[in-house]
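Trainee: I'm new to this one, so please take me through it slowly.

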Amino acid sequence: MTAAQKTVLIIDDTPANLGVLVDYLEQHDLCVVVAQDGEEGLMRAVFLRPDLILLDVMMPVMDGLATCRRLKDDPLTRDIPVIFMTALSETRSKMAGFQAGGVDYITKPFQVEEVLMRLTTHLNLHHTTRELQKTVAQLNLAQAELVRSETLAALGAMVAGIAHELNTPIGNGLLIASTLTDLSRGMTRDLQEGKGLTRSALEKYLREANEVGDILQRNLERAGSFINSFKQVAVDRTSAQRRKFVLADVVTETVLLLSPTLKNTPFKVQHAIDRSIELDSFPGPLGQIITNLINNAVLHGFEGRSHGSIHIQADIAESGQLELTVADDGIGIPEANLQRIFDPFFTTKMGAGGSGLGLYVCYNIATTVLNGQIQVSSAPGDGTRFLLTLPLKA
Ligand SMILES: Nc1ncnc2c1ncn2[C@@H]1O[C@H](COP(=O)(O)OP(=O)(O)O)[C@@H](O)[C@H]1O
Ligand SMILES: [Mg+2]
């Protein structure tokens, strides 16, 4: 038997009638094994794992239908295609055969050419199905991997933006520190050279020192606040842990961390969320959703525009659930696309930086991690509004 050679198991209680068929199939490069009753057939099927089974319907003790049901019950043999052989071209036993899990039937007396044709068809079908199943499994894996990398990419972009943003206050701080040193050195030199300390020189020094001190403090505070919010967001995003939090804080931090990206655009994000709204939920994943929605508004909604604003609002609905909306006044989404934007890989920026996973990630987080819902409403030219409905305690 060669590696590519297919094995066919024939289960028939009168194998004497099969001689011609077996010879013919073997001549056509099939490996044929014969079993004489249902029990023996089941054993051989488990042991051999044939590529296909030809099964006689009429057999004593355990008939073909019962044998087929047992084959379909066993995970080891479930996927092997079964073709029934029936002496009578009776419709009733054909139907019963399909119901028991058969894929086809042939009627006795055989035409060996026809049998071979049917066998080949089903062997090919089975092979193709298996390949497809493998491909689907691989695609599922690849999709999960892409979702992870989309999330990581968003975090990566944020880190890059923040590093860039920190550059300014820290650079300023350095400059100011050296200015202060220069001022002090000047004073020291004047004193050492015996020029004496005039009241006006001292006042000038103090004024300048105070001024640069203030600037230094503002810059360092700015850097510090960035690092603080980033620290929390990084922990939240990477650990996805539940905690109690004030919604306004998470929204503020998320928007703050996107500000390096938004700074060089004419677009604005506005949010005024009541500080009384508290959640016991997952701030990292929630921040991720808001990040994706803001990025989408800028990338898709405001594409080619010179102005645009995003509004983030929150309310507690009568049901006691949080209603968080992220709305932009951009180009909107055509009706035909609205049904599909949450689908994985749906993007109108194929080959232009779109992965089609941003909203899919939002949908998954909203419905699974946060235990809520996400809906969209939009009209072309009239902006896009995403509504997140979330329980206060996820
Ligand atoms: N705020 C928005 N305004 C207009 N179109 C949007 C907006 N958000 C999403 N879309 C549309 O939905 C599609 C899917 O978004 P998404 O899943 O984030 O994938 P991607 O951003 O990679 O294209 C986008 O390609 C775009 O056509
Ligand atoms: Mg996107």
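Trainee: Which residue of strand 10 is the bridge partner of His311?
Mentor: The partner of His311 is Ala327, which belongs to strand 10. Keep in mind that this is a predicted model, where local features need pLDDT of at least 70 and side-chain atom pairs count only at pLDDT 80 or more, while totals for chains, interfaces and linings use all residues. Residues are numbered from 1 along each chain as its sequence is written, and chains are lettered from A and ligands numbered from 1 in the order in which they are written.

Trainee: How many bridges join strand 9 to strand 10, and which way do they run?
Mentor: Seven bridges connect strand 9, residues 308-316, with strand 10, residues 322-328, and the two run antiparallel. Two strands pair if DSSP finds at least two bridges between them; helices (H or I, at least four residues) and strands (E, at least two) are DSSP runs, numbered from the N terminus.

Trainee: And what packs on that sheet, say helix 10?
Mentor: Helix 10, residues 358-369, packs on the sheet and touches strand 11 and strand 12, where touching means that C-beta atoms, placed from the backbone, lie within 7 Å. The direction of helix 10 makes about 135° with that of strand 11; axes are lines fitted to C-alpha atoms, for helices over the stretch in contact, and angles run from 0 to 180 degrees between N-to-C directions. Helix 8, residues 283-301, lies across strands 7, 9, 10 and 12, running at about 20° to strand 10.

Trainee: What's the strand order in the whole sheet?
Mentor: The sheet is open, with five strands in the order 7-9-10-12-11 and mixed pairing. Strand 7 (267-271) and strand 11 (373-378) are at the edges, each with a single partner strand, so one side of each has no neighbour in the sheet. From one strand to the next, the twist averages 15°.

Trainee: Back to helix 8: is it mostly covered or uncovered?
Mentor: Helix 8 is mostly covered, since 17 of its 19 residues are buried, meaning that 20 or more other C-beta atoms lie within 10 Å of a residue's own; 12 or fewer counts as exposed, and anything in between as partly exposed. From its first C-alpha to its last, helix 8 reaches 25 Å, close to the 27 Å expected, which is 1.5 Å times one less than its number of residues.

Trainee: At what angle do helix 6 and helix 8 pack?
Mentor: Helix 6, residues 199-239, packs against helix 8 at about 100°, with the axes 7 Å apart. The two helices are therefore roughly perpendicular, as angles of 65 to 115 degrees count that way, with under 35 roughly parallel, over 145 roughly antiparallel and the rest oblique. Where they meet, helix 6 brings Val233, Asp236, Arg237 and Ser239, and helix 8 brings Pro283, Gly284, Gly287 and Gln288.

Trainee: Which strand does strand 6 pair with?
Mentor: Strand 6, residues 243-246, pairs with strand 8 over four bridges in the antiparallel sense, and Arg243 has Ser281 as its bridge partner there. In strand 8, residues 278-281, the covered face holds Leu279 and Ser281, whereas Glu278 and Asp280 are on the uncovered one.

Trainee: New topic: what does UniProt say about Asp56?
Mentor: An unreviewed UniProt entry places "modified residue: 4-aspartylphosphate" at Asp56; UniProt positions follow the numbering used here, feature names are shortened, and annotations may be inferred rather than shown by experiment. In the model, Asp56 is in strand 3, residues 52-56, and counts as buried because 25 other C-beta atoms lie within 10 Å. Apart from neighbours within four places in sequence, Asp56 is in contact with Ile11, Asp12, Asp13, Gly64 and Met85.

Trainee: Where is the cis peptide bond?
Mentor: The cis bond joins Lys108 and Pro109, with omega at about -5°, and Pro109 is in the loop between strand 5 (104-107) and helix 5 (112-192).

Trainee: And what is the phi of Asp29?
Mentor: Asp29 is not a glycine, yet its phi is positive at about 70°. Asp29 is in the loop between helix 1 (19-27) and strand 2 (30-35), and is exposed, with 11 other C-beta atoms within 10 Å. Val61, also not a glycine, has a positive phi near 65°; it lies in the loop between strand 3 and helix 3 (64-73) and counts as exposed with 10 C-beta neighbours inside 10 Å.

Key. Two residues are in contact if their C-beta atoms, placed from the backbone, lie within 7 Å.
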